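User: Could you walk me through how to read a helix crossing and a cavity?

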Amino acid sequence: MQIKTLATQAFLDQKPGTSGLRKKVKIFQQPDYLENFVQSIFDTLTLPQNGVLTLGGDGRFYNRTAIQTIIQMAAANGFAKVIVGQGGILSTPAASHIIRQYQTFGGIILSASHNPAGPDEDFGIKYNTANGGPAPEKITEAIFENSKVLQAYKIADVPEIDLDGLGVTTIDGFTVEVINPVADYADLMESMFDFAAIKSLLASGFSLKFDAMHAVTGPYAKDILENRLGASAASLMNCEVSENFGGGHPDPNLTYAHDLVDIVYGKQAPDFGAASDGDGDRNMILGKSFFVTPSDSLAIIAANAHLIPAYKSGISGVARSMPTSGAVDRVAEKMGIDCYETPTGWKFFGNLMDAGKVTLCGEESFGTGSNHVREKDGLWAVLCWLNIVAAKKQSVEAIVKAHWGEYGRNVYSRHDYETIPTADANSVIMHIRDQFETLVGQRLGSYEVKTCDDFSYTDPVDGSISQQQGIRILFTDGSRIVFRLSGTGTEGATIRIYLEAYEPNVENHHLDAQEALQEMIQIALQISDLKARTGREKPTVIT
Ligand code: VG1
Ligand code: CO
């Protein structure tokens, strides 16, 4: 095997965002672009001699090409072995599990998650450490610094690996093992949940519809829901992975998962509906004509975790990202366990889970997970709900309403304004920051501003500090508005407005969130001057 060191020009735009480096495929296809980033990852880490690397992606366009290149670079950089999913496939939670199960040095995951795929769409790459979780900020920042001064990369002449056949290929002592991408993960799920109870629920006539949105979860759903749990083939939709995700936008929310939403809100609706995203780490949970907000889902899973075999002896603590509603905080308080508030992005949960401080965590952006891996996990959330429904023998809606009855309802919504020119988006954020002092104490409609700040987080495990993680306007009654710029887009900027109001009164629990939050939405628009500064009349997506 010949190893070459090739001279390269550094790119200055390889800064990882909330979840890795995401760019248009066309940018990744520039000569040396992918190679430079991969070398920057390897240069940042102290690589072991003879280490093992986990490798896989969500199956989107460019996945196979990138995998061949990364295998050649791993060989040149001293790895002894690469474990890769068949067809180049590994969902994000499955990749996390493979890193942990086979104790590999780390993993490279190729995904731009819910962003559309195809030659003119998005691609992404991220590095996960040996705990199975996304690299923490200090590593991603070092990767970025390295990428700006990179002068050369190393690549070996490993011949193209057949990714479609299972098995081991060895070239001069370097090994590539193509594994079944589903089996280990499906076994893990089977070990955690009461499959017998879910199986009899499904056999008893309880109907299910799962939408894989043409993305990576398809084969996982088939094995787990259909083969192992006996769901009918008709209850799974869009389960063939396609390189452009069927031309869709695999983001499991009420806007983009419209095929499923039409079914679940239509005549002959199933009892349960669910969808996951491009790389299988997000989930949307629906009952018959009923939507469960991700923030409520986290709280309800926490409150009912004892019904799930994996958590029957209790959970140590919970964590949520700052913009996620405080519904889970109320559950934690009642259970007498700790609740942590972290910045947006799964990388902030890893330390808490490694230190045993939390068992469950989640984000408002359709991400829920636990310490079984170090990524959020779409199918795991679906199984949590099926297990809870099977144990409680109640409908999804009844479970949610009973939860609100007990804890009150954190009415919640997020409004996204996508592809805004970056300068306009920055001006909105600056404008809000500039009002911090004058806003405090002001009455805005029926609300009074208590404090405003820029969220900053000190990791309780390693003391690292992350600043400017979102602007919070907190009101005296506990309601709040949060503004943040997205860190996962590839075109212009996305402004996210997160709205939350607490409603203890059961008589108001039937209200639609948009209706209940109407006044707060107007206040957010007023404070931000968003319409004038961006020319946008309404949000692109409301969740
Ligand atoms: C978004 C979500 C965030 C999530 C991230 C990655 O980030 O808001 O909660 O962790 O996507 O999810 P941002 O910076 O665009 O708000 V995924 O499923 O893309 O790996
Ligand atoms: Co995702």
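**Helix crossing and cavities**

Analyst: H6 passes H8 in a right-handed crossing, meaning that the near helix is turned clockwise from the far one by less than a right angle. This is a predicted model, where local features need pLDDT of at least 70, side-chain atom pairs count only at pLDDT 80 or more, and totals for chains, interfaces and linings use all residues. Residues are numbered from 1 along each chain as its sequence is written, and side-chain values leave out hydrogens and water.

User: Which residues of H6 and H8 make the contact?

Analyst: Contact means heavy atoms within 4.5 Å. H6 brings Ala-183, Tyr-185, Ala-186, Asp-187, Met-189 and Glu-190, while H8 brings Tyr-220, Asp-223, Ile-224 and Arg-228. By class, 6 are nonpolar and 4 charged, with no polar ones; Asp, Glu, Lys and Arg count as charged, Ala, Val, Leu, Ile, Met, Phe, Trp, Tyr, Cys and Pro as nonpolar, and the others, Gly among them, as polar.

User: And what is a cavity?

Analyst: On a 1 Å grid over the protein atoms alone, a cavity is a set of points where a 1.4 Å probe fits but cannot get out, and lining residues have an atom within 4 Å of a point. Here there are 5 cavities of 30 Å³ or more.

User: How many residues line the largest cavity?

Analyst: The lining has 28 residues, with Thr-18, Ser-19, Arg-282, Lys-376 and Thr-488 nearest the centre. This lining holds 13 charged, 11 polar and 4 nonpolar residues. The lining of the second largest cavity, by contrast, divides into 8 nonpolar, 5 polar and 2 charged.

Technical notes:
Chains lettered and ligands numbered in written order. Helix = DSSP H or I, 4+ residues; strand = E, 2+ residues; numbered from the N terminus. 1 Å grid on protein atoms, 1.4 Å probe; cavity = no way out; pocket = protein on both sides within 12 Å on 5 of 7 lines; lining within 4 Å. Points joined across faces, edges and corners; volume = space filled by probe spheres on them.
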